[in-house]
Amino acid sequence: LSDGSPVVELEAAKALWKLQPDRDVIVPALIRILSTKERWQAAYALGEMGPAAAASVTALVNALEAEEVPRPFRTPPSAALALGKIGQPAIEELAPLLEHEKARVRLSALLAFGFMGKNGHDAVPHVMKLLGDKEAEVRHIAALTLSSIGAEPNRIVAGLKDCLGDEDIYVRSAAAAVLRDIAPEGDWAVQPE
């Protein structure tokens, strides 16, 4: 864990977690790796630890703010996935990012909540505010996130309907699938690209 090579330290931390899951030793090592070019792998490793990696939330939130990916809905930031897998312990520190000035950060935070599934239910009031975001992509991902974290269906149908006009077919398809599930009486066709 103190080899000096981030790749070696990363592999040692992952192996040690499987052999002797001591979060007090492994989490700090992975947090150190978050500041290297191996950060995405460290984030995934922390995510695999789930709630046991709660001590890494602050570092992962900082990584989420800095991480840029070209199409977040298709290729989510590694920090978003990790925070989502950590779940409930990440909600308090992640929620303020929903008000970040940069749309990509708001979007990444939404994706993290979406990865939490029903464990992110406490974030519903925070995410609801983004149904009115000035950026269409943020509004659409907010609607999809709300469906995955357990918001009441009648509160998100309008937002999901709006998603059907998104330029990304994955967003349109995901929204149609949710609408078919929560409002089966509607005609939720997806327009091809």
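This is a predicted model: local features need pLDDT of at least 70, side-chain atom pairs count only at pLDDT 80 or more; totals for chains, interfaces and linings use all residues.
How many of the 9 residues of helix H5 are buried?

Residues are numbered from 1 along each chain as its sequence is written, and side-chain values use heavy atoms, with hydrogens and water left out.

The protein has 11 helices and 0 strands; helices here are DSSP runs of H or I with at least four residues, strands are runs of E with at least two, and both are numbered from the N terminus. The C-alpha trace spans about 60 × 30 × 30 Å along its principal axes.

Of the 193 residues, 47% are buried. Buried means under 20% relative accessible area, exposed means over 50%, and partly exposed is in between, with a 1.4 Å probe and protein chains only.

Now to H5, residues 78-86: 7 of its 9 residues are buried, so the helix is mostly covered. They are Ser 78, Ala 79, Ala 80, Ala 82, Leu 83, Gly 84 and Ile 86. Their cover includes H3, helix H4 (57-66), helix H6 (91-94) and helix H7 (103-116); contact means heavy atoms within 4.5 Å. Just after H5, Gly 87 has a positive phi of about 75 degrees.

Next, helix H2, residues 23-33. Ile 26, Val 27, Ala 29, Leu 30 and Ile 33 are buried there. Viewed down the axis of H2, these buried residues fall within an arc of 165 degrees, so they line one face of the helix. The arc is that of the directions from the helix axis to the C-beta atoms. In general, an α-helix has 3.6 residues a turn, so residues three or four places apart point the same way. The buried residues of H2 pack against helix H1 (6-19) and helix H3 (39-49).

Last, a loop residue. Ile 156 lies between helix H9 (136-148) and helix H10 (157-163). Ile 156 is buried, with a relative accessible area of 1%. Leaving out residues up to four places away in sequence, Ile 156 touches Met 128, Ala 143, Leu 146, Ser 147, Ala 151 and Ile 182. Met 128 is 28 residues from Ile 156 in sequence and 8.6 Å away in space, C-alpha to C-alpha.
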